[in-house]
Amino acid sequence: MLNVKRLLCGLAAAVSLAATAPAAAALNVLACEPEWGALAKELGADRVNIYNATSAMQDVHHIQARPSLIAAARRADLVVCAGAELEAGWLPLLTRESGNAKIQPGGLAYFEAAKFVTLIDVPARLDRSDGDVHAQGNPHLQTDPRNIAVVAVALAGRLAELDPAGAAIYRERAEAFATRWKAAIVRWEARAAPLRGVRVVEHHRAFSYLFRWLGIEVVGYLEPKPGVEPSTGHMAQLLETQRARPAKAVVRTSYNDPRASVWFAERAKRPAVMLPFSVGGSEAARDLTSWFDDIVERLLKAAL
Amino acid sequence: MQRKIMALALAACFVQAPAYAQSAADLAEIRQQLDAMKRNYESRIEALEKRLAEAEARAGSAQQQAAQAGREAQVALKEARQAEARQAATQVAQGTGGAAGRPQSANAFNPEMSLILQGRAARLSQDPATYAIGGFLPSGGEVDPGKRGLSLAESEIVLSANVDPNVNATFIAALAPEGGVNVENAYFQTLGLGNGFTLKGGRFFSKIGYQNEQHSHAWDFVDAPLAYRAFFGGQLADDGVQLRWVAPTDLLVELGAEAGRGLNFPANDRNKNGAGLATLFARVGGDLGASHSWRTGLSYVRTRADNRSWDDADSTGAAVTNAFTGRSRTWVADLVWKWAPEGNPTAQNFKFQTEYFRRSEDGTLAFDTATPPATLTPGLTGDYASRQSGWYAQGVYQFMPHWRAGVRVDRLSSGRVSIGQVASGALTAADFPALAAYRPGAGSAMLDWSPSEFSRFRLQFTRDRSRPGVTDNQLFLQYILSLGAHGAHSW
C-alpha cells in the first residue's frame, strides 16, 4: 500500500507541474449554455475565460458528462447555467466528479439564471406520463431578452463577489450592457410589432418566453408531449386543427431534427423556420445582440 | 421581470426576513427609494402589489396576469429599474429573497428516490446449470446466462442525497426476484474536498476499467462481457475507500486508488486487519472537434486469495473441491470513443468501447480439500501460476431516435497455467478439467428501443462458446424501467 501511495503522489505531482495554467484571466467560467457564456463575456471581457459546455446545435436536456466537461468543471471558478432542472441529466455529475469544491450547488460559484426570473409553464401536476416536465417551469428563459437583462445584473454582481478586484469593471460593463440592451429591446419590439398576434406551430416548448414577449400565439406543438419525439399520428391530428386556426410558420430550434417541421410545413403549406436557440445557432447569431436580430428577422421573413 | 424584482425588493422591505444579510442602512435606503416610487406611481404600485400577492400565492397559475403586471411595471419603473434590480439581485445572491412564495416542508429534504425494474425472457439452447467458462477458475459471481423462460431480474432501489454541504451519499439495494435483499452500493462521496480530490467510502463498484462502475441497467447488452465475468465475477465491488484526483488540465486526467476489504473474486474475505484489495487507475480523456469524444485508461488490481475454492471433478469423475491461495494481479486497459453529429446525440450517435484484461496469479493449489487431513497424500498441494487474458469490443449505433443496434465480440485465453502437482507427476491435467486450456468466446448482436429515457426494451442474440466445445445459442428479450428521480448516468 505504501508503494501505491508513493506512486499516486508522484503521478499527481508530475501532472500538476505539467499543468502550468495561464493566469491571464481572473475567472474561469463554465457556461452550461452559450448564451450565458456570451453574457459573462459581455460583463467580464478579459477578466473571464469562457468555456461553453454546450452549443446551440445540442439539445441541452440530453448532454453527456463527457471527459472534457469534467476537466472544464475541475478548472471552473464559476458555473453559469439556466437551472430549473434543465441540466439535471449531466451538471450534477460534472460538479460531483470534478472534485472542485467551489462549484458545488448552493455555493457562490454556482449560478442559476432561473433563480432570478419568474418561470412560465409551471406544471400543475408532476407525472412522467406528461412527458419531460420541468417541475419549476419552462427553463428556456434566455429567449426573452428582458430575462437576460435581469440575469445580467445578477451575474455582474456575482462576478464582482467572486473577483472583487474587478468589481468596478463588472459594474461599469453591466451598466453599459444594460443601456445597450435596453435600446436593443426597444428596437426589436418596434421591428417585431407586426408579429403581434401571429400564430405559429412550434416543435418543442423552446421559445415560450420569446413568443410571450413578442405577442406571438402558439397554436400547437409537433411534440405530442414535451420531450417526446413528434409522431406522424400526432402531427396529422395537428394538421386537422390548422383548418380552423392556421399558423403562419412552423418553428424549430437549431438543435431540432428538421425533418418533423419540414414534414408538417409541407403539408400545412407554411414555411418551416429554424430559430437559433442560442448564440452560435446560426451564421448570423455571433453574439447576444446579433442572435436576437437574427431571431426577429427570421420570424419576420417567415411569418409575414 | 420587473414584477419579480419588485417582489424581491418588497419582500426585503416589508417582511424583514433577511435578519442576517441586510444592514439597517440598506433597508432604509430601499425603503426610501420605494417611498419615492410610491409617491410617483402610487396607484400603479398598489395594483401591482395586489397582483403580486395573488401571483405569488398561486405560484404560476397567475402567469398571464403577472406578465401583464410586468409590462405595466416596465413602463412605470423604467427609471428605478437598474438600482432596484441590483439590490434585488444582491438579496437573491445572498439567498435572502429567492424562496419567496415557495412552500417549505421537512418532506422536501427527502432523498432522490428511484426504482429500477427489469425483467426478461430467455431462450437458451444449453442448460444454464452447466455454465462454466472453460480454462478459468470459477469466479463465483453472477456469471451464468440466467434462467430460461420468463423471469424477473433484480429490482433496484436507489436513494441518493446530499448529507450536508460536504458529503453526498447513495444507497442501492438489489431485490432478488426469489426474495432476499443485497446491498449493492452504500457509499458516501465528498463534495467539498477541493483541489480536484474526491474521497469515497463504503460499498461501491470499483472505478477500474470502463464498464465496471456502471450498473447493469446502464449496460448496452443484457449481460456483462465475458471478460468481466471471468476476471471479476461480473463486476468488481468491494467495501473500502477510494481517493481520486482530477488534474487542472484541458484534457481530463484522473488518477485514483482504492483500498478495499477484498470481499469478492478475485479476492475472498480473509478475516484480517488492513486492506485485502488495492486498485490503482489512471485515465485520460477529451474531445476531438465538436462531434467526437474519447477516454482511455489503465487500471491495476492487486489482491490475495486464501483458500478460494471451487468445485471440479478429478480424472475418475469424482467430485472434488480445490482451493487456491496466493497473489492475484489484474491489469485492465480500456478505450471508449463516442460520436454524435455536432455533439448532439438525440438523433444519431455511435459508441465504441473495448477493454483488455490480463491477470497473473501465483501461489499454491490444494487438490481435494474435502479429504480429511489424516488421509492427505503428500504432494496434493502444489505451486500454481497462471497468466490469463481476455478482451471484448463493442459498438452501439443509434441510427434513429429511440432505436439502437449493437454488436459485441468477446474473446478469452486461458493462457499459461502451471500446476505443481501435474508437473511433479502426482496428478494429471485430467484431474483439473476446469483448468484445461481453452479459448472461450462469444458474439452478440442486440437491438433496443427506448420510447423515453426512462424505459428500454431490448432484443439480443448471443452465440456463446464459454463451455469447451459447446455452443450455446441465447436469445433474450429484456425490459428496463426507471421510475422516479434517477441520477444522471456517467459518460
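Buried means under 20% relative accessible area, exposed over 50% and partly exposed in between, with a 1.4 Å probe and protein chains only. By that scale, A:Cys32 and A:Cys81 are both buried. This is a predicted model, in which local features need pLDDT of at least 70, side-chain atom pairs count only at pLDDT 80 or more, and totals for chains, interfaces and linings use all residues. Residues are numbered from 1 along each chain as its sequence is written, chains are lettered from A and ligands numbered from 1 in the order in which they are written, and side-chain values use heavy atoms, with hydrogens and water left out.

**Disulfide**

- The whole structure holds 1 disulfide over all chains, a disulfide being a pair of cysteine sulfur atoms within 2.5 Å.
- A:Cys32 and A:Cys81 form this link, with their sulfur atoms 1.9 Å apart.
- The link of A:Cys32 and A:Cys81 is right-handed, with 45° about the S-S bond.
- A:Cys32 sits in the loop between strand E1 (27-31) and helix H2 (34-44) of chain A, and A:Cys81 in strand E3 (residues 78-81) of chain A, so the pair ties together parts 49 residues apart in sequence.
- Helices (H or I, at least four residues) and strands (E, at least two) are DSSP runs, numbered from the N terminus.

**Helices of chain A**

- The axes of H2(A) and helix H6 (residues 167-191) of chain A come within 7 Å and cross at roughly 115°.
- Axes are lines fitted to C-alpha atoms, for helices over the stretch in contact, and angles run from 0 to 180 degrees between N-to-C directions.
- Residues in contact (heavy atoms within 4.5 Å) include A:Leu39 and A:Leu43 of H2(A) and A:Ile169 and A:Phe177 of H6(A).
- Helix H5 (residues 145-162) of chain A has 18 residues and reaches 25 Å from its first C-alpha to its last, close to the 26 Å expected at 1.5 Å a residue.
- That expected span is 1.5 Å times one less than the number of residues.
- Of the 18 residues of H5(A), 15 are buried, so this helix is largely enclosed by the rest of the structure.

**Backbone features of chain B**

- A cis peptide bond joins B:Phe265 and B:Pro266, with omega about 5°.
- B:Pro266 falls in the loop between strand E8 (252-260) and strand E9 (277-288) of chain B.
- B:Asn195 is not a glycine, yet has a positive phi of about 55°.
- B:Asn195 is exposed, with a relative accessible area of 60%.
- B:Asn307, also a residue other than glycine, has a positive phi near 50°.
- B:Asn307 lies in strand E10 (residues 292-313) of chain B and is partly exposed, at 46% relative accessible area.
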